[in-house]
Amino acid sequence: MSIPSAIQSDMSSNESALSSEALIARAEQHVRDILSIAFEHTPDQRAIVVFDRDCELALVLTEAYRRCLPDAEMMDFHEVKPDSILQSFAALQPKDLVVLIQSTNFRLEAYRLRVELFKRALKVIEHPHLARMRGIEAEYYIDALAYDPAYYRDTGRALKQKIDAAAHATIHSGNGAQLVFSGKLESAKLNVGDYRDMANTGGQFPIGEVFTESVDLEAVSGRVNIFVFGDTTFTVNRPEHPITLVVEKGQVVAAENSTEEFDRVLANIRKDDGVIWVRELGLGLNRAFSKERTVRDIGTYERMCGIHLSLGSKHGSYAKPHIKRGEGRHHVDVFAITEAVEFNDENVYQNGAWKV
């Protein structure tokens, strides 16, 4: 199949080291693995791909899915009315597939898209906020779609076992900074492309994460150096120098070497949530993202191979007695300089990689 002219015109040589065809071919390979291995999609199952043409990545991914799913119903979000899209979804059967390729984030009135699709037992692959990533970041994004089941599943399960058995944990982030989780951690949850024992199949891609938090939020104290944070526009913000968070009884009480934008983030959390809790302890597994290989979209970069934390009261996966579900407004991801990660004094992270 020839490359659509829209893709060729949108991708200039100074934005990307790869040709458009090479980038699509790479995406096609990774998408094919996701569909066959992670989703176990078969030709007798229907598929609908809803896409737009508003950015380079959307065009590349649309063509990749078109090649991998030749019998899928392809629906241009800007040309098909929302009611028609919803009617097409309604005609699907359990285990059929919906793919959402979004330069921003599709809005179908008040329809909570992924939640409703999961209620119908449909498989869902979401690629949101693609317009935030162009040029070399588009290449990083495509690389991050590579699905290595042995790595993701084995590493994910091994880390979950260590988290679930840990009586304490420590994050080492350089210059003597240690963030200590002095008590038990919540049972870890996996985002590793293994849906066989899960209620829902799919979610936002790229994948690669194991996450937990302290059972007792007040059992977290110490210092942690962060090199990236999610700013008020939900994009990756890298300060000139690392920022040191000072944590006492689970709350951020100071930020050394802070920036004006990070101070704004903290002020917003304090205004709405009262205090700044440290909640999620995220272990990113995706080796396509690192301290050097970054993308602008914070929800995508969250899979970065290393440690990220969430600031604010909001976390839908774990209930806390003093924080009602839906009460907190903020969940801001911050990324730690990761030198070592210890569970029960066993280091499981070394030289930028998980060692389990």
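T338 counts as buried, because its relative accessibility is 16%; buried means under 20% relative accessible area, exposed over 50%, and partly exposed in between, with a 1.4 Å probe and protein chains only. Before going on: this is a predicted model, in which local features need pLDDT of at least 70 and side-chain atom pairs count only at pLDDT 80 or more, while totals for chains, interfaces and linings use all residues. Residues are numbered from 1 along each chain as its sequence is written, and side-chain values use heavy atoms, with hydrogens and water left out.

Back to T338. It sits in the loop between strand 16 and strand 17 (340-343). Helices (H or I, at least four residues) and strands (E, at least two) are DSSP runs, numbered from the N terminus. The T338 side chain reaches the backbone nitrogen of I307 at 3.1 Å. A polar atom of that side chain also lies 3.0 Å from the backbone oxygen of A336. These are polar contacts: pairs of N or O atoms within 3.5 Å, where within protein one must be able to donate a hydrogen and the other to accept it, and residues adjacent in sequence count only if both atoms are side-chain atoms. Apart from neighbours within four places in sequence, T338 is in contact with H172, G306, I307 and Y349. Contact means heavy atoms within 4.5 Å.

Next, strand 16 itself. Why is strand 16 largely enclosed by the rest of the structure? Because 5 of the 5 residues of strand 16 (residues 332-336) are buried. V332, V334 and A336 point one way, D333 and F335 the other way, and all are buried.

Strand 16 has pairing partners. Strands of a sheet pair through backbone hydrogen bonds, either parallel or antiparallel. Here, two strands pair if DSSP finds at least two bridges between them. Strand 10 (residues 220-230) runs antiparallel to strand 16 and is joined to it by 3 bridges; F229 has V334 as its bridge partner in strand 16. Strand 15 (residues 306-311) also pairs with strand 16 in the antiparallel sense, over 4 bridges. There, S310 has D333 as its bridge partner in strand 16.

The bridge partner of I101 in strand 4 is H127.

Two packed helices are described by the angle between their axes and the distance between the axes. For helix 3 (residues 56-68) and helix 6 (residues 136-144), the angle is about 35° and the axes are 10 Å apart. Which residues meet here? E56, L57, V60 and L61 in helix 3 meet A138, Y141 and I142 in helix 6. By class, this contact has 6 nonpolar, no polar and 1 charged residues. Ala, Val, Leu, Ile, Met, Phe, Trp, Tyr, Cys and Pro count as nonpolar, Asp, Glu, Lys and Arg as charged, and the others, Gly among them, as polar.

Helix 6 is mostly covered, with 7 of its 9 residues buried. The buried residues of helix 6 pack against helix 2 (20-38), helix 3, strand 4 (123-127), helix 7 (149-165) and helix 9 (298-301).

G208 lies in the loop between strand 8 (202-204) and strand 9 (209-212). G208 is buried, because its relative accessible area is 0%. G208 and Y152 are 56 residues apart in sequence, and 6.7 Å apart in space, C-alpha to C-alpha.

T212 is found in strand 9. Is T212 buried or exposed? T212 is buried, with a relative accessible area of 0%. Its side chain reaches the backbone oxygen of E186 at 2.6 Å. Not counting residues up to four places away in sequence, T212 touches several residues, including I163, L185, E186 and Y318.

Definitions and conventions. Axes fitted to C-alpha atoms, helices over the stretch in contact; angles between N-to-C directions.
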